[in-house]
Structures are given as C-alpha cells and as structure tokens.
Amino acid sequence: MTYRIAVIGAGPSGLYAAAALLTSGEPVSIEVLDRLPAPYGLVRYGVAPDHVKMKSVIRVLQKPFDPADVEFLGGVRIGDGGIPLDELRTHFHAIVHATGSSLDRALGVPGEDLAGSYGSGEFVSWYCGHPDFTGLDPELDHPGVAVVGAGNVALDVARVLAKSAEEMAATDIPGPVLDALRSSAVRDVHVLIRRGPQHVRFTPAELRQIGDLADAQVVVHDDGLLAAGVEEPDDRRQKQNLGMLTEWVDRPVGDAERRIHLRFLRSPVRVLGDGRVSGIVVERTAVDASGRVVGTGEEETLDVGLVVRAIGYAGEPIPGLPFDEATGTVPNEGGRVVADGVAVPGAYVTGWIKRGPTGVIGTNKGDAQETVAALLADLPTLPPPARPEPEALREAFAAHGIRPVDWTSWLRLDAEEVRRGGLRGAERVKVAELAEMLDAAHGATTTP
Ligand SMILES: Cc1cc2nc3c(=O)[nH]c(=O)nc-3n(C[C@H](O)[C@H](O)[C@H](O)COP(=O)(O)OP(=O)(O)OC[C@H]3O[C@@H](n4cnc5c(N)ncnc54)[C@H](O)[C@@H]3O)c2cc1C
Ligand SMILES: NC(=O)c1ccc[n+]([C@@H]2O[C@H](COP(=O)([O-])OP(=O)(O)OC[C@H]3O[C@@H](n4cnc5c(N)ncnc54)[C@H](OP(=O)(O)O)[C@@H]3O)[C@@H](O)[C@H]2O)c1
C-alpha cells in the first residue's frame, strides 16, 4: 500500500518535510500544495531581493521535484476561499501543515491603521513582488520613514529603502517596484529600537551590511550610552553587534545621499496624521532589572510620511485545524497536531506555523525532520482516506474551479522571469501580477 501525504505550503519547512519523506524509504506518495503559483514561500517573498546568495538555497529546496518524485500543485489554497480542509482530508492519509506566519502583528497604538502605515509582511511582500500586494503603492514621497523593530526584517526594510534604485535594479524586484524606488523621496530611515544597543536581535552580518552601503550612512542615536559603557552581553552575536555599534557611534555624519538612524530606547506611542501618516510620537524607554521595557514618559516626534512595523508575525488559522490565538501557531507536540492535549490523527505541522515566526531558513530543516519522524512512526495507525485515488483529487480541483500549476508549468513561469531578467541585466525579474503569472505558467502569450 502507498500512503498518500499532502504537504500544505511550499516554503522551506514544507519542502524540507517533502525531502525527508521522500528519502525515508517508506511507501509514500507526496503532493505539495501552495496557494501561490510559485514555490519557495518566504525565500521568494521575504528574503531581501539584494540577498541573492541566500536565495541560492532554492537549488536544495527544489530537489524533490526535479526527478518528479514529488508533485507540486501551485495555485491551490486550503481553507477559506479554497478547498476546505475537511474535504482535503478525504484524499490523504496524512497532511503536513507548513503554511508559515503571514499575518502582521499590530503595535496597538493609535494611528497605526492610517494610510502610510504598514506591517513588514505587507511592505516586504510588495517589494518582493507578491501577487497579493502589487497594488500597495506605499507612500515614498516624504524624506522621513520610521521602521519599528530590532530584528533582521527591520534591517532588510531599512536597507532596501536606503539603497539607490541603481543598486536594486540588479535584483529580481518587479519593474513597478523599481520605478517607485527610483522616484523615492526617502532620505532618512529611523529604526526605532525599544531596547539598548546590547540587546538587538540583528545578526552581525546583517548589521554590517548597513554599515557598508554605497550611498547611505548609519547614524547611531544612543544618548551617550555606548560612551558611558553598557553591560557586556554574554551572547557572541550581541557582543559583535555591540562592537560594531561602538565603532559607528563616533563616525562623523558625512554627505551620503541617505541615512539610516538607529534610535535606541525608543518605542512608538502614536502615529500622527489626518488621513495619512505625517509623523510618529516615540517615548523614551528604559529596560528594568527583569529585562522588561518600561516607558519614561518622555516623548519626541519624528517627521515621517511612512511607518513600517517589523515587530513579528502570526499564523493564519485554517478552519478545522486547532489554533492558538495567543501565539499564532497550531498547538502540537513534536509536530503532531493536538487538540485538548490529544493528537489529531493524520495532522502534522512544521516551520513557523509550528514554532512561531523565528529562525532562519536552515532552522526549518531539523524542525521538518522532527515532524516527519513523528508522521513515519504513526504510518501504520493512520486511518485510510475515503477517496485516495489521484483522479479523485483532480475531480475535486475541477469542482472548485481550480487549475493547479504543476512543476512543468512553474518552470515555464521561472523561465519567463529569467528572460525578463536578461532584459534588465538581472538574474531574473519577478512576474508579480497573478493573471500574468498564470498566463506565463500555462504557456499563454506574455509581454516583456
Ligand atoms: C522578511 C523576511 C526575510 C527573511 N530573510 C531571511 C534570510 O535572508 N535568510 C534566512 O535564513 N531566513 C530569512 N527569513 C526567515 C525564513 O524566511 C523562514 O525561516 C522560513 O521561510 C519559514 O518557512 P515556512 O515554510 O515555515 O514558511 P513560509 O516560507 O512562509 O512558507 C509558507 C508557504 O505556505 C503557503 N501557504 C500559506 N497559507 C496557505 C494555504 N492556506 N493554502 C496553501 N498554501 C498556503 C504560502 O504561500 C507559502 O508558500 C526571513 C523571513 C522574513 C519574514
Ligand atoms: N538575513 C537573515 O538571516 C534574516 C533576514 C530576515 C529575517 N530573518 C529571521 O526571520 C525571523 C523573523 O525576523 P523579525 O525581524 O521579524 O523578528 P525578530 O528577530 O523576532 O525581531 C522582532 C523585533 O520586533 C521588536 N518588537 C516586538 N514587538 C514590539 C513592539 N510592540 N514595539 C517595538 N518593538 C517591538 C522586538 O523587540 P524586542 O527585542 O525588544 O522584543 C524585536 O526586536 C528571525 O529569526 C530573523 O533572524 C533572518
């Protein structure tokens, strides 16, 4: 007997899970479904466009599809607006949920819903050419921007805004995004960090990059903390960060075209604006003995026309699957989905939807292997599905009006992007509009 297994989500965790299932030697057939016509999740729609080397992990992630051992079914959403999970369950012995954390967390301050205020999920999706965000058209017409957060995503956003359009032209960003960056009025990017320089979560390599930009300078605003001496962190990375920041604090402000201001011990309390963002009020903070951030009551206003909060993400619940609203994840034990402490037969999770929105691409490999080990141990006990025949799944797609993008079709879209890249001197240029993606994938005529 062959066990039919569906992986929902073709991001790193889903593809590492598919690879682990494939190499297990067990009699399994694997289908990877994704709501988008393109695979790779945040590697395609999160990893910064100028991190070209990082994106080469795709060569590893695509392996299960190459000899067509695993089937890719793009453009298939599970849950609201797509195939209900209960229906999908009738086709598979087991389902591995690898849907990531796509929702932006809110700051909970007045004014954050104004036009010109975005979550990093939306903003990054826009510059990465995600089909759901092509119409975002963010307000880049003002010199000041606030980016909230002290993680790598905050640095990505600050760097993309501070780089010149010429530098970004060599990346895969879609033409309209490049045009928007070309006419950008942004000059001062204020990164609002609620803790001190010894606490930031940046990885040193990412921090170093903003110090090496061709035409943008880092300005450290630390209220004299570094000169006075801060407590040396135990963490090796935080130590390296601190070393870099200490070196930068004394750099004279030059005449670079743009500046990235690292503003420590500052937390937003209000976004100002009448209809759209015109400023942000920040409160000076302190970190108490227990490591908690506390407000001092001292406020200042920054003149900004755009606010991007890079403060983390939450998963999107799928009807029929247990969900923990507080953590934005699916409750699980070692990858087995649990409801009220009891394992749900045939339901597994991996990646950000399993453990929350932290960790680099490679972190998902071990995570997926743990989930797959649990699934393989359960194989003999899994209840057989009602409609295991592959044709039954095709019939279900047809009944829902879905024409999946298979691997061959994705390769057609991929080739079209590489062709467009050639016209701009880039490795590829993304096709972002959904209709254009589907046309290219299904072999309809495309325009340059
Ligand atoms: C902005 C940003 C930049 C990053 N940059 C780096 C970096 O440079 N280097 C690094 O190592 N790590 C980076 N990371 C972290 C890395 O991207 C994550 O660790 C990793 O992508 C998590 O993998 P995942 O498979 O859990 O989720 P995702 O990559 O989000 O994949 C989830 C997939 O599920 C699909 N999906 C969602 N809902 C459904 C549904 N209902 N039906 C069908 N399909 C669905 C999505 O379309 C997506 O393809 C970055 C993260 C972010 C947010
Ligand atoms: N190149 C890369 O390797 C790369 C690039 C991008 C992302 N990633 C990875 O992807 C994961 C997600 O990155 P991320 O940057 O989204 O998350 P992150 O590293 O968890 O950082 C989130 C930041 O938001 C801050 N924050 C949270 N709530 C806040 C609030 N209410 N007000 C002000 N600040 C608030 C946090 O501050 P506190 O520290 O005070 O809690 C933290 O600094 C991370 O593991 C990251 O390393 C890697």
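This is a predicted model: local features need pLDDT of at least 70, side-chain atom pairs count only at pLDDT 80 or more; totals for chains, interfaces and linings use all residues.
**View 1. An open sheet of 7 strands, with mixed pairing.** The strands of this sheet follow the order E3-E2-E1-E4-E18-E17-E16, and their pairing is mixed. At the edges stand E3 and strand E16, which spans 332-333, and each of these two pairs on one side only. As background, strands of a sheet pair through backbone hydrogen bonds, either parallel or antiparallel. Within this sheet, strand E4, made of residues 94-97, runs parallel to E18, and the two are joined over 3 bridges. A reader who wishes to locate this pairing may look for valine 96, which stands opposite tyrosine 348 in E18.

**View 2. Strand E2 and its two partners.** On one pairing, strand E1, which comprises residues 3-8, lies parallel to E2 over 6 bridges, and here tyrosine 3 is found opposite valine 28 of E2. On another pairing, E2 meets strand E3, residues 70-74, again in the parallel sense, over 5 bridges. In this second pairing leucine 33 has leucine 73 of E3 as its bridge partner.

**View 3. Helix H1 in a right-handed β-α-β unit.** Helix H1, residues 12-22, together with E1 and E2, makes up a β-α-β unit that is right-handed. The helix is mostly covered, since 9 of its 11 residues count as buried by the criterion of under 20% relative accessible area. Pro12, Ser13, Gly14, Leu15, Tyr16, Ala17, Ala18, Ala20 and Leu21 are the buried residues of H1.

View 4. Several polar contacts involve the protein backbone: a polar backbone atom of arginine 35 is 3.0 Å from a nitrogen atom of ligand 1, while an oxygen atom of ligand 1 lies 2.8 Å from a backbone N or O atom of glycine 359. A polar backbone atom of valine 360 is 3.5 Å from an oxygen atom of ligand 1. Taken alone, ligand 1 exposes 1,000 Å², and the protein buries 92% of that area.

**View 5. The surroundings of ligand 2.** The shell around ligand 2 consists of 21 residues, with Arg194, Arg195, Arg201, Glu206 and Gly359 the closest. This shell holds 10 nonpolar, 6 polar and 5 charged residues, and helix H6, residues 152-162, gives the most to it, with 3 residues.

**View 6. Two loop aspartates with a positive phi.** Most residues other than glycine have a negative phi. Aspartate 223, although it is not a glycine, has a positive phi of about 55°. This residue is placed in the loop between strand E9, spanning 216-221, and helix H10, spanning 225-228, and aspartate 223 counts as partly exposed because its relative accessibility is 41%. Aspartate 340 likewise has a positive phi, near 50°, in a residue other than glycine. The loop that holds aspartate 340 lies between strand E17, which covers 336-339, and strand E18, which covers 342-349. With a relative accessibility of 82%, aspartate 340 counts as exposed.

Note on methods
Residues are numbered from 1 along each chain as its sequence is written. Chains are lettered from A and ligands numbered from 1 in the order in which they are written. Side-chain values use heavy atoms; hydrogens and water are left out. Two strands pair if DSSP finds at least two bridges between them. Helices (H or I, at least four residues) and strands (E, at least two) are DSSP runs, numbered from the N terminus. A crossover is right-handed if, with the strands pointing away from the viewer, the path from the first strand over the helix to the second runs clockwise. A residue is near a molecule or strand if one of its heavy atoms lies within 4 Å of it. Ala, Val, Leu, Ile, Met, Phe, Trp, Tyr, Cys and Pro count as nonpolar, Asp, Glu, Lys and Arg as charged, and the others, Gly among them, as polar. Buried means under 20% relative accessible area, exposed over 50%, partly exposed in between (1.4 Å probe, protein chains only). A polar contact is a pair of N or O atoms within 3.5 Å; within protein, one must be able to donate a hydrogen and the other to accept it, and residues adjacent in sequence count only if both atoms are side-chain atoms. Accessible areas come from the Shrake-Rupley method with a 1.4 Å probe; for residues, only the protein chains shown count as cover.
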